Amino acid sequence: MMMRPPSLPDGEPVRAVLLDLDGTMVDTAPDIAEAVGRMLAAFDTPRLPLATIRDLIGGGVAPLVRRAVALAGLRTDIDATRALTLFEHHYAATNGRYGKVYPHVLAGLDALRRRGCRLACVTNKPAALAAPLLEMTGLAGYLDGLVAGDTLPSKKPAPEPLWHACRGLRATSRQTVLVGDSAVDVAAARAAGVPVFIVDYGYAGPGGAGALQGDALIGSLAEVPRLLAARVAT
C-alpha cells in the first residue's frame with residue numbers, strides 16, 4: 001500500500017533514482033544469519049534465530065557481531081577481533097547464497113528504466129560484497145552505477161555517496177530521489193538534499209518504517225514510478 005504524506009516535495013522531473021541494497025532490493029538477512037551461525041559455531045555456540053539477526057541489521061558489521069556474541073551468551077573475554085574476522089570470512093562465502101530479491105523489485109527497476117530514469121545502487125556494503133551480490137541477483141543489469149561503502153572516504157549517513165552517485169548519473173539533487181529502508185538512508189538523503197522514499201519491509205529498526213519520517217512510505221519498488229509522476233503533477 002502506498003502512502004504519500006503532505007511533505008512529499010514537488011520539483012523537477014526525476015532523472016535519477018538511487019537505491020539502497022540490503023533491506024531495500026535484497027533481503028540479505030539469511031546470508032548474514034548463516035555467516036553469524038558459522039562464526040558462533042567456531043566458539044561451540046548454537047545459532048541465533050533468523051528473527052534475532054534481522055533486528056541486529058542496520059548499524060554496521062562490527063556492532064552486529066558484538067551484539068550477536070553478547071546475545072549468544074558467549075563469555076566477555078571472547079576476542080572481538082577474531083569474531084569479526086570469522087564473520088567476515090564466512091560472509092564472503094554466504095553472500096548472495098541464501099537471501100532473495102524482494103517481490104516487485106525487478107518490475108519496479110524495469111518500469112523506472114522505461115520511464116527514462118538512470119539508476120544507481122548506493123550502499124554501505126563494501127564493493128567486494130556488493131558487486132557480486134548485484135550480479136548474482138540479476139540486479140546489476142538494471143543499474144548504471146554502484147557507490148559502495150568503500151568507494152569514498154565517507155559513507156551513509158554522510159551526503160557524499162549520494163552526491164557522487166548523482167554526478168555519475170548526470171543529475172542534480174533536485175532531479176534525484178533515494179529509495180531506502182533505514183534511518184541511515186533518511187539522514188543521508190536529508191544531508192544531501194534528496195527526497196527519500198522508505199520501503200515498509202526492510203530493516204527499519206524497532207520503531208518501524210513509519211517512524212523514519214521519509215517523504216513517502218511504499219510497499220514495493222513498483223510504486224516508485226507513480227510517486228514520481230505525482231511529484232510533478234501537483
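Is T137 buried or exposed? T137 is buried, as its relative accessible area is 19% (buried means under 20%, exposed over 50%, partly exposed in between, with a 1.4 Å probe and protein chains only). This is a predicted model, where local features need pLDDT of at least 70, side-chain atom pairs count only at pLDDT 80 or more, and totals for chains, interfaces and linings use all residues. Residues are numbered from 1 along each chain as its sequence is written, and side-chain values use heavy atoms, leaving out hydrogens and water.

**Around T137**
- You'll find T137 in the loop between α6 (127–136) and β5; helices (H or I, at least four residues) and strands (E, at least two) are DSSP runs, numbered from the N terminus.
- A polar atom of the T137 side chain sits 3.3 Å from the backbone oxygen of L134.
- Leaving aside residues up to four places away in sequence, T137 touches V26 and V101 (contact means heavy atoms within 4.5 Å).

**The sheet**
- An open sheet is built from 6 strands with parallel pairing, in the order β5-β4-β1-β6-β7-β8 (two strands pair if DSSP finds at least two bridges between them).
- At the edges are β5 (145–147) and β8 (216–218), each pairing on one side only.
- From one strand to the next, the twist averages 25° (axes are lines fitted to C-alpha atoms, for helices over the stretch in contact, and angles run from 0 to 180 degrees between N-to-C directions).

**β6, β7 and α8**
- Strands β6 (residues 176–180) and β7 (residues 196–199) run parallel and are joined by 3 bridges.
- V179 has F197 in β7 as its bridge partner.
- Helix α8 (residues 183–192) lies across β6 and β7, at about 175° to β7.

Technical notes:
Polar contact = N/O pair within 3.5 Å; in protein donor to acceptor, adjacent residues only side chain to side chain.
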